[in-house]
Amino acid sequence: MELASTYNSVETEDKWYKYWMDQNLFHSEPDEREPYTVVIPPPNVTGVLHMGHMLNNTIQDILVRRARMMGKNACWVPGTDHASIATEAKVVNRLKTQGIDKADLTRDEFLGHAWDWTEEHGGIILEQLKKLGASCDWDRTCFTLDKERSESVIDTFVKLHEKGLIYRGVRMVNWDPDALTAVSDEEVVYKEVKSKLYYLNYNIEGEEGTVTIATTRPETILGDTAVCINPNDERFTHLKGKRVIVPLVNRSIPIIEDDYVDMEFGTGCLKITPAHDINDYEMGMRHNLESIDILNDDGTLSEKAQLFVGKDRFVVREEIIPELQKAGNVLKIEDYDNKVGCSERTGAVIEPKLSTQWFLKMTEMAKVALDAVMTDEVQFHPAKFKNVYRHWMENVKDWCISRQLYWGHRIPVYYLQNGEFVVAKNDEEAVRLAKEKSGNDAIAIADLRQEEDVLDTWASSWLWPISVFDGFNPDKNEIDYYYPTSDLVTGHDIIFFWVARMIMAGYEFKGTFPFKNVYFTGMVRDDQGRKMSKQLGNSPDPLDLIAKYGADGVRVGMLLCSPAGGDLLFDDSLTEQGRNFANKIWNAFRLVKGWEVDSSLPQPDSAAKGIEWFSHKLNQTIEVVNDHFSKYRISDALMSVYTLFRDDFSSWYLEIVKPGYQQPIDEVTLKATIDNFDKILRLLHPFMPFISEEIWQLLEPRKEGESIMVAQMPEVTKVDEKLLANFELTKEAVAGVRNIRKQKNIANKEVIALSILDNDGSLDKTFIPILSKLANASEVNFVTEKVSGALSFMVKATEYYIPLGDLVDAEEEIKKLEEELKYQKGFLTSVSKKLSNERFVNNAPEKVVAIEKQKQADAEAKIKAIEESIANLK
């Protein structure tokens with residue numbers, strides 16, 4: 001069959017992915033084999049493939065494909081996350097373009113639009129993952145808001161509430177005024193901004209004099225309920241027990257004392273606004289202060305502010321200063337850099353806000369989950385992230401699990417008309433429980449009001465390793481086979497968001513860990529070290545990369561610079577290197593398939609020795625690759641296979657075994673070569689699934705349904721380290737011959753004679769046939785004394801000679817060598833003079849003197865070698 005001169009990645013990828021799907025090779029069902037289970041970190045249903053997804057899913061696919069080839073029952077479960085805040089924001093924005101305000105819609109009407117959006121966009125990213133080669137069990141695709149997952153979420157809420165772990169309370173939360181919902185501490189991103197620091201004077205009530213405070217948020221003075229000083233601050237002893245007047249609103253508030261105040265910071269006097277700062281809130285609780293909430297949910301000022309009502313908080317910040325200046329309350333204004341918390345999802349500046357929310361107690365669950373990681377029951381790769389994890393878990397707070405949204409799992413709480421509530425899985429159960437609680441058998445669902453809030457998105461994804469196998473359904477037994485899962489691959493940026501919470505859920509609901517290993521990927525950055533993002537315009541489209549370099553090329557390129565947990569400095573040249581490697585594999589295949597076989601030919605000694613060497617080299621590499629995978633050094637594993645093919649197989653093995661120009665090859669050598677190629681392809685397959693399948697299918701006749709992805713991974717047999725070390729010396733000898741050919745312009749086709757000094761006959765002669773072939777030597781002689789009239793080189797302690805004969809004009813060569821000798825002697829004289837100068841030796845830096853001494857030693861060695869060469873030529 002005619003093979004294409006270049007590898008066609010597009011045609012190959014479409015063909016083999018369809019074949020794998022048609023043959024149902026990704027699908028898993030419980031059987032007698034050891035399970036290997038991976039659950040995908042579910043991307044947002046609104047998302048499209050980005051470089052982080054590419055890295056993460058490439059690593060997952062490598063682990064899954066390798067597990068299949070190791071004989072395990074590999075199950076990789078795909079799915080998407082409903083992403084409550086992000087998706088609702090996108091739907092709201094689309095409705096705005098249609099002239100529709102969310103506030104004008106009922107809950108059901110809005111959800112209809114949200115489901116329409118999900119139907120349109122929900123499958124995009126999963127389809128894109130197929131272009132990468134992801135071997136997910138697509139029959140098992142899950143969605144965090146589908147029926148089974150939703151039932152799991154509601155079921156666990158009910159159970160946790162019954163255990164007393166879920167409660168309702170008024171707390172200070174992070175409020176997103178754009179999304180109109182609370183967000184967790186982990187969803188707040190702090191950004192450095194240029195602000196102003198306003199120094200404001202508050203008049204002391206009933207006397208002359210003022211108290212100066214400093215604030216970056218002058219609009220919040222309208223909610224002040226105290227000014228605080230440190231009781232140990234002698235500057236303000238005269239203020240104790242007094243009151244001050246809040247500017248503009250003229251409210252009288254107390255001066256209180258608390259050790260919290262830093263005497264060195266600002267003016268030493270602190271305004272207290274309990275409704276709009278977490279630290280002020282806690283101080284307000286300690287001192288029983290009034291809390292005045294001056295902000296509406298959308299960030300505008302409320303009636304309680306008295307002034308600027310209905311105006312946006314940032315507009316008020318600008319407008320309140322002229323009013324304060326008119327009133328004589330502004331002392332000075334300074335430029336000030338500070339960090340401001342912003343919503344990760346919408347970018348809005350977060351407002352600390354008192355709000356009635358639902359919370360999940362975390363302390364006890366966190367202790368169990370912390371112990372699991374600290375004792376390596378769950379292992380982190382790299383282990384350095386255990387410290388990050390420990391910090392989170394030792395400082396854990398109760399989880400605010402409610403969100404003021406429509407899109408998500410509606411909290412299963414039903415309020416009775418008297419304000420009491422019941423927690424139930426469905427309407428029918430809610431009515432039953434309400435009847436029991438009230439003693440009123442006439443209660444109907446119309447008499448109950450279900451909680452409007454939905455659950456935090458993470459309250460569904462923390463159940464993911466269990467819920468994807470419908471593990472809360474007592475009628476399902478797959479969970480017993482597939483759980484706990486094997487490996488989790490994720491970014492370290494969600495170590496608390498997701499990883500820690502899944503570990504907590506695993507122990508809480510299944511009594512054991514949800515996965516044995518966690519592999520943390522780094523951040524994908526550009527060559528300047530910046531995080532790749534659409535905003536910066538520095539992130540390539542992954543599908544464009546695949547179209548240009550092939551999926552295999554992109555996978556290799558990303559892994560070549562991707563240490564576990566370390567950031568990936570991405571450059572297109574890496575994917576180009578990956579593509580070039582694929583082409584090198586293809587060209588090697590074309591070479592082998594182009595050989596004509598003659599079954600009557602005997603096997604040359606050089607080929608037999610080459611095959612022997614490579615079998616040990618291959619086994620050594622398999623051993624190394626296995627070790628790398630056991631330590632989750634995925635990039636190192638790829639590099640081991642990469643160098644095996646590029647350096648050992650392509651550059652050495654094929655050179656050793658290939659027949660002469662237009663000559664046939666013997667049958668034994670060809671069979672061994674195809675077998676070696678087959679094994680390398682199996683090692684490569686997890687990294688480069690498409691080209692490995694294409695060549696494997698063409699290497700030998702295959703039956704329908706056969707695939708490299710379910711072929712057995714090569715196993716380690718014995719490795720002769722001494723033999724491998726001996727071959728390395730042979731490689732050096734070949735390089736020595738080729739170097740002399742290059743220096744003396746002796747063409748490779750010119751046959752030479754080679755002599756090797758072997759005084760006592762102890763030289764290992766195993767690979768002499770290979771040396772003879774690759775050096776193109778007509779004969780290899782073993783001598784017991786130096787050969788005159790020959791050029792020589794050393795490999796370790798062994799000296800090799802090439803009698804030049806007619807290949808080189810001896811007189812001309814001696815002339816060249818004498819000129820080189822003259823130069824080297826002159827150079828040695830200049831260096832020696834410098835080193836004989838005591839002033840230089842005593843005053844120059846030690847490192848500089850050492851360099852000069854090395855120059856001297858090198859020149860002396862070169863002079864000796866040149867003199868020996870001249871003597872040999874005479």
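Start with the open sheet: three strands in the order β15-β23-β22, paired in parallel. Strands here are DSSP runs of E with at least two residues, helices are runs of H or I with at least four, and both are numbered from the N terminus. Two strands pair if DSSP finds at least two bridges between them. This is a predicted model, where local features need pLDDT of at least 70, side-chain atom pairs count only at pLDDT 80 or more, and totals for chains, interfaces and linings use all residues. Residues are numbered from 1 along each chain as its sequence is written, and side-chain values use heavy atoms, without hydrogens and water.

Three bridges join β23 to β15 in the parallel sense. Click His 381: its bridge partner in β23 is Tyr 519.

Next, select helix α18 (572-593) and helix α21 (667-684). Their axes come within 11 Å and cross at roughly 160°. Axes are lines fitted to C-alpha atoms, for helices over the stretch in contact, and angles run from 0 to 180 degrees between N-to-C directions. So α18 is roughly antiparallel to α21 (the cut-off is over 145 degrees).

Show the side chains. In α18, Phe 581, Ile 585 and Phe 589 are among the residues that meet α21. On the α21 side, look for residues including Leu 670, Thr 673 and Phe 677. Contact means heavy atoms within 4.5 Å.

Conventions
Parallel < 35°, antiparallel > 145°, perpendicular 65-115°, else oblique.
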